[in-house]
Amino acid sequence: MAFFLNGLPVASVELKNGLTGQTVEDAKRQYRRDRDPKELFFAKRSLVHFAVDPTLAFLTTRLAGDATRFLPFNTGSGGPGQMGGAGNVPAPTDGKYPTSYLFDEVWARDNWLELLQRFLHVEDAAAKAGRAPSHKPGSAHTQPLIFPRFHQWDAVRKLIAHAARHGAGENYLIQHSAGSGKSNTIAWLAHHLSSLHTSHDPGQIAPAALASGLGANKLVFDKVIVITDRRVLDKQLQDTIYQFDHKAGVVVRIDESSQQLADALTGPTARIVITTVQKFPFVLDKVAGLGSQRYAVIIDEAHSSQGGESAAALKKALGRLGSDAVDEDGDPLTAAALARGKQPNLSFFAFTATPKAKTIDLFGTPYANPGSGEQEKGPFHVYSMRQAIEEGFILDVLGNYITYATYFKLQEAAAEEAEQQVDPRKARSRLVRAALMSEASMASRAKIIVDHFRSHSSPRLGGRPKAMVVTSGRDHAVRLYQAMRAYIDQRGFTDCGTLVAFSGALTIDGIEYTEAKLNGFPERELPARFGYTRADDPNPPSVPKSEHRILVVAEKYQTGFDQPLLTTMYVDKVLVKLAAVQTLSRLNRTHRLKTTEDLFILDFANRPEDIEQAFQQYYEASVSEPTDPNLLFDREREVMAYQLLVEAEMDAFVTAYFAAFQGGSATDTAIMKAHARLYGYLQPALDRFNALNATEPETASEFRRSLDSYTKAYGWLSHVIGFENLELERLYQYGRFLLRRLPAPARSAGADIGTAAPSHMRIAQTGTPELRLEAAGAQVLPGLVPEAAGAVAEAEEMSLAEVIQSVNEEYGTGLSTTDQILLGQLVVAVSEDPELRAIALHQDQDVFGGELEKDLDRIVIDQAASNDALMVRYFDDADVNRLFKQVATQQAYQLIRRPVRREAERRATEQRAAELKSSGSRRAEPPTA
């Protein structure tokens, strides 16, 4: 089907009927393989192409063969503007389809003309980067053509319809997740609001708006003010709106003085004024004095601040307005309400992914709860985090979350006393802080972070990944940064350059530190320098530029910082509610090389249930602690049981794969040649899958889920454990490529990016064996050595976890899994002590225990460099001290004596085998005459 406007083709539609066995996947396949992208109709005439079946809809604005990218154009499973996931609302009972909205709304004559006139536009690369746009003849056929996603079109339509009916004085909260395309939504909304008129029919205007003097066919807002800290947004707005109106000066950015602001707000030319959050209080001051003028204020709140300066500036400016009731987070929305209250000539349109309860209460839309009937408040329009993840526009950061808890458990009596007595509480607090901030603690964290990043994160994305280390304060950031630099210098690493970010000046031990001094360049340059990668530099200099991979932050860059190459985060700060969501969401930005399995969060400070609860408000998230690594073998057996994969084919694929890409140094020509060969190796498995899918679609779907589950589990566990098993690695490498070639599920509602070239995929081997969590899970420490004749009977071997659990039950020490691992390391250290080793080899366990009692304090102190938190518990908590000595005595004694026992067993076995052999030989000899 084709759409024509005045005889010119503007769109095409491939409609599929599920009752004939075809779905939207067949429509996409036709566009990719049966439609010539060079044909005039597709190349330079039509603007957008829809793939539609009764359940789902997708669109693309550019055909490119197998590389054609289809974006979902669906309402969401909860309905337009409501909480939900990808897809559409199930079919109603009135005879309509889930995709009937296309025919009833989107393709309705007036709506379709408005889409072409006021939404569709060319995205200029220079304007998107914050530079002046540079349109060239014919560029519309080569540059990206932007067609709104359904939630963007729906939000703008509903907002302007409500504003046209009710006039100024209303507040709108738009909860759109990261990945929703807020920049374009804001541009479209600002453009529409700048020329919005009321209906020509007074009956379509609310009585309150009529009473305020707003008549029929009148301009609703005199000016539109956009509050944002994203400097690229003004260029985007200017370029986008110029394409619609073809008038210069419609969009003005205020970046000089309050007089410039006053001129823009009162002058006749500028229709849209862009300014920063710091100047927001002056905007309030000016517009409050212009009561006869009506203003629409759009606030890009999600990007309100990348540091702590904005909140301070806002508080200072609001003080000039006579208000000291400033929101503690420096939230401009809340600050506006507290400073001025609701103003009849101001309408707020607030965009945020993570509204606080206070923000919803002040700016939310009242509605009746369907269950209780009580009045509540909520966002005017929603595009949820869940929908953004399911549609593929952001990544799920909680999929690869793990805690590394080192904490102190205070005895209940001490805690109760601390609540009653000020001085002891302060002393205890200082003790805990001193332990956590000690050089030993910082060195331990620095080693863990650097070693993990280099071994597990750095090789991904062709060597491009970046990491962020989140600290609790400036002092913490500087000390941890210095510890990391010291460890990097000590080991001679050159592939993990580190930067630090914090505000102001800080004095530690008599030395003043600033961000600029430590990094060696001004603060404003940090985002660009941190984002630089040699691999993506089109013109790399002869002298290589510095490449920075790790950023240590203190209250900076935890909100509003978009760096798509961020894959890893190390959290050494307690994150509460909204801060947890905003901070961890720095990893969710998509990149052409980046998948969910590349993400990893190592948390030193928080509990999984707290993080889960924080995310729950914005998306039905779940977090769990890591499970037994052996599950990977179970999943491998499950995948292979379908008998669709052949080991010889997988071996050939993996061999060709690593040979072709040469560890990431292959040329583009070599990659393209490898692309075709690798597809050939995958074809037999693909054919077997298609045959199974034709006869047993449910079984084929189960195989896909099993393979997907395996690759995700391997990708995640490889961040923590280095696997030496080549079969696991082989299935992972082969499986993740095969998944990209398997036909998409019939009901997949996520973005379909088409065929991805191998250069867009990870090419480094994941299962590196350098870091192995050797004492994890139910690993058994060596057991007891049998004594000489007459000694006591050998005790049953017990795992370290079993021993600790039995003693925990007796003493109630509550050691965590991490503490148990550290205790296991202590046992190994005891077993390696020369003097104690000699005693254990020649004396019984009681004598060994007595000697260990004298030396254990020394060994614990020696281990403090990596086990400082547990060391404090050892000296402070009598029960922990007793547990340490009991476990260390038994387990270290077993560890030392085990080789002796096994050597004796080996010799006894050899002797018995020789005896059996000798007797057998004698029986086999022929009888003598």
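# A Guide to Rings, Sheets and a Helix

Visitor: Over the ring of which residue does the charged end of R157 sit?
Guide: The charged end of R157 lies 4.3 Å from the centre of that ring. Such a placement requires NZ of Lys or CZ of Arg within 6 Å of the ring centre and within 35 degrees of the ring normal. The ring belongs to W153.

Visitor: What kind of model is this?
Guide: Residues are numbered from 1 along each chain as its sequence is written, and side-chain values use heavy atoms, with hydrogens and water left out. Local features need pLDDT of at least 70, side-chain atom pairs count only at pLDDT 80 or more, and totals for chains, interfaces and linings use all residues, this being a predicted model.

Visitor: Which residue forms an aromatic pair with W153?
Guide: The pair is edge-to-face, 5.8 Å centre to centre with 65° between the planes. Rings of Phe, Tyr and Trp (its six-membered ring) pair with centres within 6.5 Å; planes under 30 degrees apart are stacked, over 60 edge-to-face and the rest tilted. The partner of W153 is F150.

Visitor: How many residues apart in sequence are the parts that F50 and W107 tie together?
Guide: F50 and W107 form an edge-to-face pair, 5.3 Å centre to centre and 80° between the planes. F50 belongs to strand β3 and W107 to the loop between α3 and α4, so the pair joins parts whose separation is 57 residues.

Visitor: Is F50 buried or exposed?
Guide: Buried means under 20% relative accessible area, exposed over 50% and partly exposed in between (1.4 Å probe, protein chains only). The relative accessibility of W107 is 12%, so W107 counts as buried. With 0%, F50 likewise counts as buried.

Visitor: How many aromatic pairs does the structure hold?
Guide: Ring pairs link a cluster that includes F3, F50, W107, F150 and W153. Over the whole structure, the number of aromatic pairs is 25.

Visitor: Which strands stand at the edges of the seven-stranded sheet?
Guide: This open, parallel sheet has the order β10-β11-β9-β12-β13-β8-β16. Helices (H or I, at least four residues) and strands (E, at least two) are DSSP runs, numbered from the N terminus. Each edge strand has a single partner, so one of its sides lacks a neighbour in the sheet; these strands are β10 and β16.

Visitor: Which residue of β16 is the bridge partner of Q175?
Guide: Strand β8 (residues 171-176) and β16 pair in the parallel sense over three bridges, where pairing takes at least two DSSP bridges. The bridge partner of Q175 is V382.

Visitor: At about what angle to β8 does helix α6 run?
Guide: Helix α6 (residues 150-166) lies across β8, β13 and β16. Axes are fitted to C-alpha atoms, for helices over the stretch in contact (heavy atoms within 4.5 Å). Angles run from 0 to 180 degrees between N-to-C directions, and for helix α6 and β8 the value is about 175°.

Visitor: Which helix lies across β18, β19, β22 and β23?
Guide: The open, parallel six-stranded sheet has the order β17-β24-β23-β18-β22-β19. Its twist averages 15° from one strand to the next. The helix in question covers residues 474-491 and runs at about 170° to β19; its name is α19.

Visitor: In which helix is the place of T711?
Guide: T711 is buried, with a relative accessible area of 2%. Leaving aside residues up to four places away in sequence, T711 touches E597, Y732, G735, R736 and L739. The helix spans residues 697-717 and is α27.
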